[in-house]
Amino acid sequence: MKEGKTFQISQNEVLNAYKVVKANKGAGGIDGIELEKFDANWKDRLYVLWNRMSSGSYFPKPVRGVEIPKKSGKKRLLGLPTIEDRVAQTVIRNRLEPCVEPIFLSDSYGYRSNKSALDAIGTARNRCFRMKWVIEFDIVGLFDNIEHDRLMKMVKMHCQDKWMHLYIERCLKTPIFMPDKTLKERNAGTPQGGVISPVLANLFMHYVFDMWMTKKFPNCPWERYADDGIIHCTTRKQAEFVLDMLKEQMLRNGLLIHPDKSKIVFCRRNNESVPEDVDTSFIFLGYCFRPRLVKSEQGIYFMGFTPAVSIDAARVFREKIKETMRKVSTTDIVLLSQVLNPIIRGWMNYFCKFTPSEAFQKGINFVNQKLVRWLMKSRKKVKRRYSKALILLNRIAISNPKLFYQWQVGYMPM
């Protein structure tokens, strides 16, 4: 560290942050500088950034607003910082996370290095077996509505470095350059797409929800992944009371529980009677929890309440496979497998964890069927003959079982 600098930030911190940003790839920001251009003279750029950050003269540029489609048909607005600002935010995050990570509770799963969505689903599955009532809740625009003043008080409680207070506040107040070319000032929220946004959102929710639930309703366990969560209750009356209190708590903190995505669910098992006005299923992190026929360790079948891939998650996967195969437009099956395998692998590793049979029926079987139809188009010997194309695909799978990921793990063409 050179003498005369206002803030103690090392050049090595900036370099390591850049390595992370480069590995994560991603598009550039409002300045139009992509990673390839930034990397051409990265030493000079990082030195200038370090000099500005360590002297107190660093000001982030406006974030670039990008709209991406949601499952509901609506659009979500992401705020993409420039490459330089992503490096700066990574430096901040690397200092902030060790300060706040130790206080986070075990049932907060979102954006944490030692937690995953599958962990949350597994915990929820076990608790649904023990407690019959669930509150499914979703917070409207969490990242857009976090109050800056409250958030900064929380940051200052756990982080003593004044330069972090300064730069986090500047990042929060950075305007967003909207898709319609207008510049929008921000008085609340931390843009989804920012490097520090996930840890800041977790810190805010730690006090607004996690700690509040633990103190107010210690007998109601919960799982939360960012703005999605479920709460377990023992009776319907308790669930209704907790949901009412949750709505009030969110309003007190500038947030709103989504009226359409939040509900009370009965975890029905066997032949239990259920009131007509109560749901018996819910969606959590892409998995649909509902009554299903399951097999015990002793080999006995019974009606349990378990998760499996949701209809929407399977539909999105099928559409992605279809669109990818259309764009690739190749007759080379090896090339096709290289393009499809990363998509298939990621989806299967996530959705085959619980009730894999449904993941096969709703997703993987579709891939094999698409490969059959691809052979019908690309091979003259089996053109327009499904049965012959299926036989050919089986021969390919038997002779080269590692070609497609689903074959490697036993999901062969049928």
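# Briefing: a predicted chain without disulfides

A search of the whole structure turns up zero disulfides. Please keep in mind that this is a predicted model. The protein chain has an average pLDDT of 93, and 98% of its residues score at least 70. Its secondary structure comes to 15 helices and 11 strands. Below is a friendly walk through the cysteines, the cores, the strands and a few individual residues.

**Cysteines**

- Cys-99 has its closest cysteine sulfur in Cys-159, and the 4.6 Å between the two sulfurs is too far for a bond.
- For Cys-171 the closest cysteine sulfur is also in Cys-159, but here the separation is 13 Å, again too far for a bond.
- Is Cys-99 buried or partly exposed? Cys-99 counts as partly exposed because its relative accessibility is 30%.
- Cys-171, by contrast, has a relative accessibility of 7%, so Cys-171 counts as buried.

**The chain as a whole**

- Taken along the principal axes, the C-alpha atoms of the protein chain fill a box of roughly 75 × 60 × 40 Å.
- The protein chain has 414 residues, and buried residues make up 48% of them.
- Among contacts with a separation of 6 or more, 66% come from residues 24 or more positions apart.

**Nonpolar cores**

- The largest nonpolar core holds 67 residues, and within this core Met-53 and Ile-231 touch the most other members.
- Which helix gives the most to this core? Helix α9 (residues 197–216) does, with 10 residues.
- Another core, of 53 residues, lies apart from the largest one; Cys-128, Val-134, Ala-359 and Ile-364 are among its residues.

**The four-stranded sheet**

- Four strands form an open sheet in the order β2-β1-β4-β5, and their pairing is mixed.
- At the edges are β2 (75–80) and β5 (183–184), each of which pairs on one side only.
- Strands β1 (residues 63–69) and β4 (residues 176–177) run parallel and are joined by two bridges.
- Which residue in β4 stands opposite Val-63? The residue is Ile-176.

- Strand β10 (residues 287–295) runs antiparallel to strand β11 (residues 301–309), and nine bridges join the two.
- Within this pair, Arg-290 has Thr-306 in β11 as its bridge partner.
- Five residues lie between the two strands of the hairpin, and Gly-299 in the turn has a positive phi of about 85°.

- Ser-337 sits in helix α12 (residues 333–351). Its relative accessibility is 3%, so Ser-337 counts as buried.
- The side chain of Ser-337 reaches the backbone oxygen of Val-334 at 2.6 Å. Beyond residues up to four places away in sequence, Ser-337 touches Leu-403 and Phe-404.
- Gln-249 belongs to helix α10 (residues 236–252). Why does Gln-249 count as buried? Gln-249 is buried because its relative accessible area is 8%, which is under 20%.
- The side chains of Gln-249 and Arg-252 are joined by a polar contact of 2.8 Å. With residues up to four places away in sequence left out, Gln-249 touches Val-208 and Trp-212.
- Val-48 is found in helix α3 (residues 42–55). The relative accessible area of Val-48 is 42%, so Val-48 is partly exposed.
- Val-48 and Ile-135 are 87 residues apart along the chain, and their C-alpha atoms are separated by 50 Å.

Note on methods:
Residues are numbered from 1 along each chain as its sequence is written. This is a predicted model: local features need pLDDT of at least 70, side-chain atom pairs count only at pLDDT 80 or more; totals for chains, interfaces and linings use all residues. Side-chain values use heavy atoms; hydrogens and water are left out. Buried means under 20% relative accessible area, exposed over 50%, partly exposed in between (1.4 Å probe, protein chains only). A polar contact is a pair of N or O atoms within 3.5 Å; within protein, one must be able to donate a hydrogen and the other to accept it, and residues adjacent in sequence count only if both atoms are side-chain atoms. Contact means heavy atoms within 4.5 Å. Two strands pair if DSSP finds at least two bridges between them. A nonpolar core is a set of buried Ala, Val, Leu, Ile, Met, Phe, Trp, Tyr and Cys residues joined through side-chain atoms within 4.5 Å. A disulfide is a pair of cysteine sulfur atoms within 2.5 Å. pLDDT is the predictor's confidence in each residue, from 0 to 100.
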